[in-house]
Amino acid sequence: MTKDYFQKLNQTLKDSDRALPSLIIDLDKLDRNLSTLKSNLNPKASYRIVVKSLPSWELIEYVMKSTATQKLMVFHQPFLTELSSRLTGNADILMGKPIPIKTATYFYKNLISNKNFDAFKQIQWLVIQEKELKSI
């Protein structure tokens, strides 16, 4: 990548009407990376999209469609709540780190109804008991 490339990105940010944290996605480069991933992946293998690297629903959805996977790895409850309200019946979520039981309980007590996603069957939890949490 050249200096001009980054100067263009910087100018795009400066031209914005607001000075907020922003993310600029070069879709051509993303598409090339996704194509490389698909061409190097063993056809029998599956993989999970690590959603902490993709900070928006639209970007997650784009990568899911582009790579034909519904498998996600999520690392915190607020994002899990957001995704569970939007995902469909084929989604498969794995929590990427142990979550306190209290957090899992909160998630289910405040679950947003989504007839296309069964949060009781489509999420794999790594749960840690409170006493174990204190010893870490």
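Is Tyr108 buried, partly exposed or exposed? Tyr108 is partly exposed, at a relative accessible area of 23%, where buried means under 20%, exposed over 50% and partly exposed in between (1.4 Å probe, protein chains only). The structure is a predicted model, in which local features need pLDDT of at least 70 and side-chain atom pairs count only at pLDDT 80 or more, while totals for chains, interfaces and linings use all residues. Residues are numbered from 1 along each chain as its sequence is written, and side-chain values use heavy atoms, with hydrogens and water left out.

**Aromatic pairs**

- A search of the whole structure finds five aromatic pairs; rings of Phe, Tyr and Trp (its six-membered ring) pair if their centres lie within 6.5 Å, and planes under 30 degrees apart count as stacked, over 60 as edge-to-face and the rest as tilted.
- Phe107 and Tyr108 form an edge-to-face pair, because their ring planes stand at 80°, with the centres 4.9 Å apart.
- Phe107 is buried, at a relative accessible area of 1%.
- Tyr108 also forms a stacked pair with Phe120, at 4.5 Å centre to centre and 20° between the planes.
- Because Tyr108 lies in helix α5 (residues 101-109) and Phe120 in the loop between α5 and β5 (123-124), this pair ties together parts that are twelve residues apart in sequence.
- Helices (H or I, at least four residues) and strands (E, at least two) are DSSP runs, numbered from the N terminus.
- Phe120 is exposed, with 61% relative accessibility.
- Ring pairs join Phe107, Tyr108, Phe120 and Trp125 in a cluster.

**Charges over rings**

- Lys29 lies over the face of Tyr5, 4.9 Å from the ring centre; the criterion is NZ of Lys or CZ of Arg within 6 Å of the ring centre and within 35 degrees of the ring normal.
- Lys52 lies over the face of Phe75, 4.6 Å from the ring centre.

**Helix α4 and its surroundings**

- The axes of α4 (residues 77-84) and α5 come within 11 Å and cross at roughly 30°; axes are lines fitted to C-alpha atoms, for helices over the stretch in contact, and angles run from 0 to 180 degrees between N-to-C directions.
- The contact involves Gln77, Leu80, Thr81 and Ser84 of α4 with Thr103, Tyr106 and Phe107 of α5, contact meaning heavy atoms within 4.5 Å.
- Six of the eight residues of α4 are buried, so this helix is largely enclosed by the rest of the structure.
- The buried residues of α4 are Gln77, Phe79, Leu80, Thr81, Leu83 and Ser84, and they pack against α3 (57-67), β2 (71-74), β3 (92-95), α5 and β5.
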